[in-house]
Number of protein chains: 2
Amino acid sequence: MDIVEVSKVLSNKIRVNILDWLKDMEANFPPQTNVPDFNNGVCVCHIQDKTGLSQSTVSHYLTMMHKVDLVTATRIGKWTYYKRNEETIGAYINLLKYNL
Amino acid sequence: MDIVEVSKVLSNKIRVNILDWLKDMEANFPPQTNVPDFNNGVCVCHIQDKTGLSQSTVSHYLTMMHKVDLVTATRIGKWTYYKRNEETIGAYINLLKYNL
DNA sequence: TTAACAAATCGAAATATATCGATATTTAAT
DNA sequence: ATTAAATATCGATATATTTCGATTTGTTAA
């Protein structure tokens, strides 16, 4: 894990917001329709709705968040569900604690 | 303090390096000549030497690090000494812990 | 097997960051 | 006062990021 690469992801308000919204998916997103629960996360379209950005931009954001492993991605049918990867998030904070 | 603004500062390898070098100033910089010790930090010229970047770039980097308070700046005579602001650094890590 | 939908990728334009050399400012020494 | 040194600021160019619409890819349903 690299402080610079993760910081790049975190240096954008919307991406930080997405991480924040994903902390409480039930509260921040409409109920799931194609899967029974939020266990795999939230689909791109719901995240897109909340950001107000274009589909391609949000997909790009989520891809870069996934590349540094801050979120996991699960494809189910036509949908891709994203959720926080608490392990990486915690590891990053720990990295800062000892290396920043 | 703002996650996005601090992350912008941290999304550059040299700036992260500077913070790291300042963790052990005695080990990473030549001995002081115009002040008795490292209590106020390291002067811009020594940091510049270590980065290999231009004076203006390093000054700019240090200014932006100072703007988000990751470092303190102390002018003594012709020199400006920079050092880590552990309070802000700790506060930032704490902020991430509870808000990321 | 086609049509339709969700998501990812591509290509382009706008904006921001990185980086330099030149200039300005501040302070100290002559 | 003048000069010189250290740092800060300015202006410009190169590179990177943001963001979009269009296209492509993967998947399901008709």
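Mentor: A polar contact is a pair of N or O atoms within 3.5 Å; within protein, one atom must be able to donate a hydrogen and the other to accept it, and residues adjacent in sequence count only if both atoms are side-chain atoms. By that rule, the side chain of B:Ser11 reaches the backbone oxygen of B:Lys8 at 2.8 Å.

The model is predicted: local features need pLDDT of at least 70 and side-chain atom pairs count only at pLDDT 80 or more, whereas totals for chains, interfaces and linings use all residues. Residues are numbered from 1 along each chain as its sequence is written, chains are lettered from A and ligands numbered from 1 in the order in which they are written, and side-chain values use heavy atoms, with hydrogens and water left out.

B:Ser11 sits in the loop between helix 1 and helix 2 of chain B; helices (H or I, at least four residues) and strands (E, at least two) are DSSP runs numbered from the N terminus. With a relative accessible area of 16%, B:Ser11 is buried, a term for under 20%, against exposed for over 50% and partly exposed in between (1.4 Å probe, protein chains only). Apart from neighbours within four places in sequence, B:Ser11 is in contact (heavy atoms within 4.5 Å) with A:Val4, A:Ser7, A:Lys8 and A:Ser11.

The part to look at closely is helix 5 of chain B. Its 13 residues (55–67) should span 18 Å at 1.5 Å a residue, and the end C-alpha atoms are 18 Å apart, which agrees; the expected span is 1.5 Å times one less than the number of residues. Four residues of this helix, B:Val58, B:Tyr61, B:Leu62 and B:Met65, are buried. They cover an arc of only 95° around the axis, which puts them on the same side of helix 5 of chain B; the arc is taken from the directions from the helix axis to the C-beta atoms. An α-helix has 3.6 residues a turn, so residues three or four places apart point the same way. B:Ser56 and B:Lys67, on the other side of helix 5 of chain B, are exposed. The cover over the buried residues includes helix 1 (3–10), helix 2 (13–21), helix 4 (44–51), strand 2 (71–76) and strand 3 (79–84) of chain B. After helix 5 of chain B comes B:Asp69, with a positive phi near 70°.

Next, the DNA. A residue is near a strand if one of its heavy atoms lies within 4 Å of it. Helix 5 of chain B gives the most to the surface near DNA strand C, four residues. Of the 22 residues around DNA strand C, those that come nearest include B:Thr57 and B:Tyr61. An N or O atom in the side chain of B:Ser56 is 2.9 Å from a base oxygen of DNA strand C.

At DNA strand D, which 22 residues surround, B:Gln55 and B:Ser56 are among the closest. The largest share of the surface near DNA strand D, four residues, comes from helix 5 of chain A. From chain B, a backbone N or O atom of B:Cys45 lies 3.0 Å from a phosphate oxygen of DNA strand D.
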